[in-house]
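Here's a quick tour of a protein model, made for someone just getting started.

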Amino acid sequence: MTTLSDAVAKRRTFAIISHPDAGKTTLTEKLLLFGGAIQMAGAVKARGEQRRAHSDWMKVERERGISVASSVMTYDYNGKTFNLLDTPGHEDFSEDTYRTLTAVDSAVMVIDAAKGIEAQTLKLFEVCRLRDMPIITFVNKLDRESRDPFELIDEVEQRLALDVTPASWPIGMGRSFLGCYDLLHDRLLLVERSRDKKGAEGESCSGIDDPKLDELLPADAVAQLREEVEMVRGLCPEFDRQAYLDGTMTPVYFGSALNNFGVRELLQGVADMAPAPRPQPAVGRLVEPTEDKISGFVFKIQANMDPNHRDRIAFLRLCSGHFKRGSKLRHSRSGKTINVHNPVLFLARDRELAEEAWPGDIIGIPNHGNLGIGDALTEGEELKFTGIPSFAPEYLQTVRPADPLRAKHLGRALQQLAEEGAARVFKPTIGADWIVGVVGPLQFDVLADRIRTEYEVPVHFEPTSLHTARWVECDDALKLKRFVDSNQGAMGTDHTGAPVFLARNAWHLDRAAEDNPDLRFLKTKEQI
Ligand code: G4P
């Protein structure tokens, strides 16, 4: 029988972060191939290709079955259970990405060997850093002309302020890329030997001076490898697991996901180094994964995934306890008990009914909108997990239905999208239009498309003259009421009814803040 501590010890819940095009989709697919979760190359790739074109991307998203099944992928490899959480690549969807990062214990950062650290890599890395998340780096596309590997590791060290320790070292690059030397296990990994889809084990060596290397590699390549490995070992610190776990050191693998090269080593690296489910911070205490009582938090909501059942799925990261189908859990926000009788476990491309799940696992809970981002489910304890970010809307637009008679339907759609976390929605106190706030402007297109297809309300988004929205709070309810009443033209409410100040310009906001020192004008609001 599986014990709680065994189940926790064998789990690795992680995400891949990268700049678009660095090879995340390809790597994901190869990891799943190794894990036996998919049989055929191309299954995940198809989505990557379609996603590239904006309109195609929406089409794919509409066929939600695909996108949701691949948002969590669970597979086994060498006695470990991996939960790989997908993060949307486009920067306009980074809210979702950031929240997903709160549900993983470690990350793999993919870097294009020709490009190094790119804008989106940096942004995502910063989020990981906030959580001191352990990161393994995979430098991809060594089969192409790349930048000098020393330069690349130097860039990681300098720009991310991390200690870097190569786990493998490339032998050549581009057309003359021969393979890697595994610095952790002293093995030679040759490209031509890894043609079969799972790659070869590699050739064990007694060390970098092993004469075997002279037999297997051209003389100039061996000479260069020995020189570079000596330099690497002299320049870089040795792998220090604690430093990695603390998020201050990253081991770096080199490879080519497209050619299956280096993927096995990376996967083994995640198995060996990456942390098992970590304790989760909550108000007042840390929740240990080995606690008997079940607890978890919702980090993502996806609506209407299956066009035939207009359902919503709340993605719950289990933080402690042994979950079984039918478990009765207390919903933190409402205080109500939820009977989780039809949870979904995500096994590669299919949804399966989950009979049980363990800390670190993600379960999907179908619901009709009562579960929201940040909500905790527990076996009774009143818990509030912390660190689930909320984002300030940076772009505001008004939205109206093409057919005024559909206004009520639009209201319902916006309410649901706001609860799901897809957008912020404000209703001005005076006036009939809704105002929608998003983090990236492309979200407007996606929202318009979703409202039209999922709720059958064609809508127009239009620019507003508003500058920004701020949630207004005050410890003194009377003062707050007075402010709301005397600023009706600039007030509205969010989808929970909380008061929001809609500022026309920066001066308007500054003025309101100066005139009302007891009020707090908040850029974001906790989800709960
Ligand atoms: P993403 O999810 O991070 O956006 O990247 P994705 O895996 O979709 O890869 C982006 C492009 O880089 C793809 O090429 C992919 O084939 C290529 N690629 C990924 N890994 C490697 C690698 O190790 N070596 C080389 N040479 N290329 C790699 P594409 O031309 O955009 O698509 P496709 O026509 O090849 O499918």
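Let's start with alanine 161, which is found in the loop between helix H8 (149-160) and strand S6. Helices here are DSSP runs of H or I with at least four residues, strands are DSSP runs of E with at least two, and both are numbered from the N terminus. Keep in mind that this is a predicted model: local features need pLDDT of at least 70, side-chain atom pairs count only at pLDDT 80 or more, and totals for chains, interfaces and linings use all residues. Residues are numbered from 1 along each chain as its sequence is written.

- Most residues other than glycine have a negative phi.
- Alanine 161 isn't a glycine, yet its phi is positive, at about 50 degrees.
- Is alanine 161 buried or exposed? Alanine 161 counts as exposed because it has 9 C-beta neighbours inside 10 Å. (The cut-offs: with C-beta atoms placed from the backbone, a residue is buried if 20 or more other C-beta atoms lie within 10 Å of its own, exposed if 12 or fewer, and partly exposed in between.)
- Aspartate 186 sits in the loop between S8 and S9, and its phi is also a positive value, near 45 degrees, in a residue other than glycine.
- With 15 C-beta neighbours inside 10 Å, aspartate 186 counts as partly exposed.

**The open sheet**

- How many strands form the open sheet? There are 7, in the order S2-S3-S1-S4-S5-S11-S6, and the pairing is mixed. (Two strands pair if DSSP finds at least two bridges between them.)
- At the edges you'll find strand S2 (72-77) and strand S6 (163-166), each of which pairs on one side only.
- S6 runs parallel to strand S11 (residues 249-254), and 4 bridges join them.
- Proline 166 has its place in strand S6, and it counts as buried because 28 other C-beta atoms lie within 10 Å.
- Proline 166 and valine 229 are 63 residues apart in sequence, and 9.7 Å separates them in space, C-alpha to C-alpha.

**Hairpins and their neighbours**

- Strand S8 (residues 179-182) pairs with strand S9 (residues 187-190) in the antiparallel sense, over 4 bridges.
- Across that pairing, tyrosine 181 stands opposite leucine 188 in S9.
- The hairpin of S8 and S9 has 4 residues between the strands, and aspartate 186 turns up again here with its positive phi.
- S9 also pairs with strand S10 (residues 203-204), in the antiparallel sense over 2 bridges; there, leucine 188 stands opposite glutamate 203.
- S29 and S30 form another hairpin, with 5 residues between them, and glycine 497 in the turn has a positive phi of about 95 degrees.
- Strand S29 (residues 491-493) and S30 run antiparallel, joined by 3 bridges, with threonine 493 opposite proline 499.
- Strand S28 (residues 468-473) is joined to S30 by 4 bridges and also runs antiparallel to it; here alanine 469 stands opposite leucine 502.
- Strand S30 (residues 499-503) is mostly covered, with 5 of its 5 residues buried.
- Which residues of S30 sit on each face? Pro499, Phe501 and Ala503 are on one side, Val500 and Leu502 are on the other, and all are buried.

**Helix H7**

- Helix H7 (residues 119-130) has 12 residues and reaches 17 Å from its first C-alpha to its last, close to the 16 Å expected at 1.5 Å a residue. (The expected span is 1.5 Å times one less than the number of residues.)
- Its buried residues are Thr121, Leu124, Phe125 and Cys128.
- Seen down the axis of H7, these buried residues fall within an arc of 105 degrees, so they line one face of the helix. (The arc is that of the directions from the helix axis to the C-beta atoms.)
- An α-helix has 3.6 residues a turn, so residues three or four places apart point the same way.
- Turned away from the buried side of H7 is a face with the exposed residues Ala119, Leu122 and Glu126.
- Aspartate 132 follows H7 and has a positive phi, near 50 degrees.
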